[in-house]
Amino acid sequence: MAGERVRWGVLATGGIAGAFTADLIDLPDAEVVAVASRTEESAKAFAERFGIPRAYGDWETLAADEDVDVVYVATPHSAHRTAAGLCLEAGRNVLCEKAFTLNSREAQELVGLAKERGSFLMEAMWMYCNPLIRQLKALVDEGAIGEVRTVQADFGLSGPFPPTHRLRDPAQGGGALLDLGVYPVSFAHLLLGEPSEVMARAVLSDESVDLQTGMLLSWESGALASLHCSLVGGTSTSASVTGSEGRIDIPSGFFHADRFVLHRDGRDPQEFTASAADGTQASLKHEAIEVMRCLNAGETESPLVPLDGTLAVMRTLDTVRNRVGVTYPGEAAPL
């Protein structure tokens with residue numbers, strides 16, 4: 001399908017589905033042709049909002065729609081295995097929101113399905129597709145700050161979230177870690193790969209999901225990452241990576257960075273900023289552009305968000321949950 005317009009289906013109609021669809025319809029090479037929800041009423045309302053021609057009141061019909069080139073799965077992560085699995089089984093390509101699944105077992109099952117069908121599959125880790133984050137990684141890989149010694153990142157919301165909220169619902173994979181902590185963990189993985197050791201502590205809710213979690217990851221190189229996520233306190237959402245010869249700071253909003261500062265020994269600080277076309281509010285478009293580039297090139301996974309990397313992040317999240325004692329309905333413990 002090289003050079004062709006890519007026809008998208010959207011599975012789910014929540015906030016992130018709306019934000020992504022709004023960016024999609026601004027891309028000249030994208031066409032949103034169908035949307036599905038658990039109810040026809042919700043699907044039709046979403047379709048009317050964005051001018052989408054077909055609305056389905058079930059997921060199966062969207063998965064079977066042969067006019068859809070790729071499905072964006074935007075359900076809560078507790079439903080990712082089912083929703084993405086339906087689409088892959090039907091031969092659709094899939095972009096699946098993060099956290100990719102509830103656990104690494106489910107993630108491995110989806111990756112296996114995609115490879116068996118020869119379909120494209122990618123985690124919607126928009127941070128990895130952000131041009132400024134790509135530039136930051138290139139600088140680190142080129143040795144701009146020497147050997148990486150430490151990574152720090154946090155993501156916390158002030159709440160408070162009532163017990164009925166999805167973020168506190170075990171049946172929906174609630175807790176800070178899978179919803180917010182996936183970003184700090186993925187940031188550390190981007191720069192250092194999978195850690196050799198994981199330590200963690202958490203404060204759990206009455207529903208036994210994590211209200212806040214602190215993590216210390218270590219690598220055989222001697223590098224360390226100090227990471228934090230929270231549903232009970234708004235943090236700066238800052239991040240930094242320190243090396244033997246300098247440091248890079250993202251002052252705020254690291255997961256949709258529009259600015260970072262490079263500090264190198266003996267030199268003035270150097271600021272890098274996003275172009276007006278990139279901007280923080282436009283970041284979701286970059287993952288869509290990458291999906292369409294891959295599809296037009298006949299690639300079944302993205303080099304920016306490789307499946308092995310997604311699986312590694314899920315293994316780390318599993319280990320953190322084992323350390324703090326969080327399991328979800330239907331899971332064996334330990335994972």
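Is Glu207 buried, exposed or partly exposed, and what is its relative accessible area? In this predicted model, Glu207 is partly exposed, with a relative accessible area of 22%. Buried residues fall under 20%, so Glu207 does not count as buried. Its salt-bridge partner is Arg168. The N to O distance between the two side chains is 3.0 Å. Arg168 sits in the loop between strand E7 (148–156) and helix H8 (176–192). Glu207 sits in the loop between strand E8 (197–204) and strand E9 (210–218). The pair therefore ties together parts of the chain that are 39 residues apart in sequence. Arg168 is buried, at a relative accessible area of 14%.

Salt bridges were searched for across the model. The structure holds 22 of them. One is formed by Arg7 and Asp69, whose closest N and O atoms are 3.0 Å apart. Arg7 belongs to strand E1 (residues 6–11). Asp69 belongs to the loop between helix H3 (59–64) and strand E4 (70–73). The two residues are 62 apart in sequence, so their contact ties together separate parts of the chain. Arg7 is partly exposed, with a relative accessible area of 28%. Asp69 counts as buried, at 13% relative accessibility.

The Arg7 and Asp69 pair is also part of a network. Salt bridges with shared partners join Arg7, Arg54, Asp65, Asp67 and Asp69.

A further salt bridge connects two helices. Arg81 pairs with Glu109, and their closest N and O atoms are 2.7 Å apart. Arg81 lies in helix H4 (residues 80–89), whereas Glu109 lies in helix H5 (residues 104–117). The pair links distant parts of the chain, 28 residues apart. Arg81 counts as partly exposed, at 24% relative accessibility. Glu109 is partly exposed too, with a relative accessible area of 31%.

Aromatic contacts were examined next. A search of the whole structure finds ten aromatic pairs. Ring pairs link six residues named here into a cluster: Trp126, Phe155, Tyr183, Phe187, Phe254 and Phe255. One of these, Phe155, falls within the residue range of strand E7 (148–156). Tyr183 and Phe187 fall within the range of helix H8 (176–192). Strand E7 and helix H8 are the elements that flank the loop holding Arg168.

Note on methods:
Residues are numbered from 1 along each chain as its sequence is written. This is a predicted model: local features need pLDDT of at least 70, side-chain atom pairs count only at pLDDT 80 or more; totals for chains, interfaces and linings use all residues. Side-chain values use heavy atoms; hydrogens and water are left out. Rings of Phe, Tyr and Trp (its six-membered ring) pair if their centres lie within 6.5 Å; planes under 30 degrees apart count as stacked, over 60 as edge-to-face and the rest as tilted. A salt bridge is a side-chain nitrogen of Lys or Arg within 4 Å of a carboxyl oxygen of Asp or Glu. Helices (H or I, at least four residues) and strands (E, at least two) are DSSP runs, numbered from the N terminus. Buried means under 20% relative accessible area, exposed over 50%, partly exposed in between (1.4 Å probe, protein chains only).
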